[in-house]
Amino acid sequence: LAIEHRTGYLLWLLSAPSFLIVIAFSGLTYIKREKFTLNELGHILKRDMILGGWVGFMLGCLFTFFTMSSWSIDILHGIAASMISIIYGYILGNLADTFWPYYSES
């Protein structure tokens, strides 16, 4: 059902703010690029993207609980929507680490 486009389940996984937060945290790698060799930057990029995913989750939870007046099902939907940034962080971070060029030292 998730692949079938008429049901709309796949739209729950699309979030531009979550994607932008994860990509913005990859800028941390650009800031500290002189500290590491080219081989290490893929792993550092992965760490920074995962960190961005967790920070996006915490920001999403903060905004969800900030608007809370009573416990309702909307709180659970807000937390679930916040978890999308964690998914983006792990997926994009592992993709960046996998496709980062590696040159052997020998």
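Me: Which are the buried residues of α5?

Reply: In this predicted model, the buried residues of α5 are Ile84, Ser85, Ile86, Tyr88, Gly89, Gly93 and Ala96. Their cover includes α1 (16-25), α3 and α4 (73-82).

Me: Let's take one of them, then. Why is Ser85 called buried?

Reply: Buried means under 20% relative accessible area. Ser85 has 1% relative accessibility, so Ser85 counts as buried. Leaving out neighbours within four places in sequence, Ser85 is in contact with Ser18, Val22, Gly53, Gly56 and Phe57.

Me: What makes the approach of the Ser85 side chain to the backbone nitrogen of Phe57 a polar contact?

Reply: The distance is the part to check here. A polar atom of the Ser85 side chain lies 3.0 Å from the backbone nitrogen of Phe57, and the cut-off for such a pair of N or O atoms is within 3.5 Å.

Me: Which residues of α3 and α5 meet?

Reply: From α3 the list is Gly42, His43, Leu45, Lys46, Met49, Ile50, Gly53, Trp54, Gly56 and Phe57. They meet Ser85, Ile86, Gly89, Tyr90, Leu92, Gly93, Asn94, Ala96 and Asp97 in α5. By class, this contact of α3 with α5 has nine nonpolar, eight polar and two charged residues.

Me: How do you know that the length of α5 agrees with its number of residues?

Reply: With 1.5 Å a residue, the 16 residues of α5 should span 22 Å, and the end C-alpha atoms are 22 Å apart, so the two agree.

Me: On to α4. What makes Ser82 a buried residue?

Reply: Ser82, in helix α4, has 6% relative accessibility, and it counts as buried because the limit is under 20%. Not counting residues up to four places away in sequence, Ser82 touches Phe57, Gly60, Cys61 and Thr64. The side chain of Ser82 also reaches the backbone nitrogen of Cys61 at 3.4 Å, a value within the 3.5 Å cut-off for a polar contact.

Me: How many residues lie between Ser82 and Phe57 in sequence terms, and how far apart are they in space?

Reply: Ser82 and Phe57 are 25 residues apart in sequence, while their C-alpha atoms are 4.8 Å apart in space.

Me: Why is Thr64 called buried?

Reply: Thr64 belongs to helix α3. Its relative accessibility is 11%, so Thr64 counts as buried, the limit being under 20%. A polar atom of the Thr64 side chain lies 2.7 Å from the backbone oxygen of Gly60. Beyond its neighbours within four places in sequence, Thr64 is in contact with Ile75, Gly78, Ile79 and Ser82.

Me: Why is Leu51 described as partly exposed?

Reply: Leu51, found in helix α3, has 41% relative accessibility and therefore counts as partly exposed: that class sits between the under 20% of buried and the over 50% of exposed. Leaving aside neighbours within four places in sequence, Leu51 is in contact with Phe25 and Leu28.

Me: To step back, which elements does the protein have, and how much of it is buried?

Reply: The protein has five helices and zero strands, running α-α-α-α-α from the N terminus on. Buried residues make up 28% of its 106 residues. Among contacts between residues at least 6 apart in sequence, 66% join residues at least 24 apart.

Notes. Residues are numbered from 1 along each chain as its sequence is written. This is a predicted model: local features need pLDDT of at least 70, side-chain atom pairs count only at pLDDT 80 or more; totals for chains, interfaces and linings use all residues. Side-chain values use heavy atoms; hydrogens and water are left out. Contact means heavy atoms within 4.5 Å. Helices (H or I, at least four residues) and strands (E, at least two) are DSSP runs, numbered from the N terminus. Ala, Val, Leu, Ile, Met, Phe, Trp, Tyr, Cys and Pro count as nonpolar, Asp, Glu, Lys and Arg as charged, and the others, Gly among them, as polar. The expected span of a helix is 1.5 Å times one less than its number of residues. Buried means under 20% relative accessible area, exposed over 50%, partly exposed in between (1.4 Å probe, protein chains only). A polar contact is a pair of N or O atoms within 3.5 Å; within protein, one must be able to donate a hydrogen and the other to accept it, and residues adjacent in sequence count only if both atoms are side-chain atoms.
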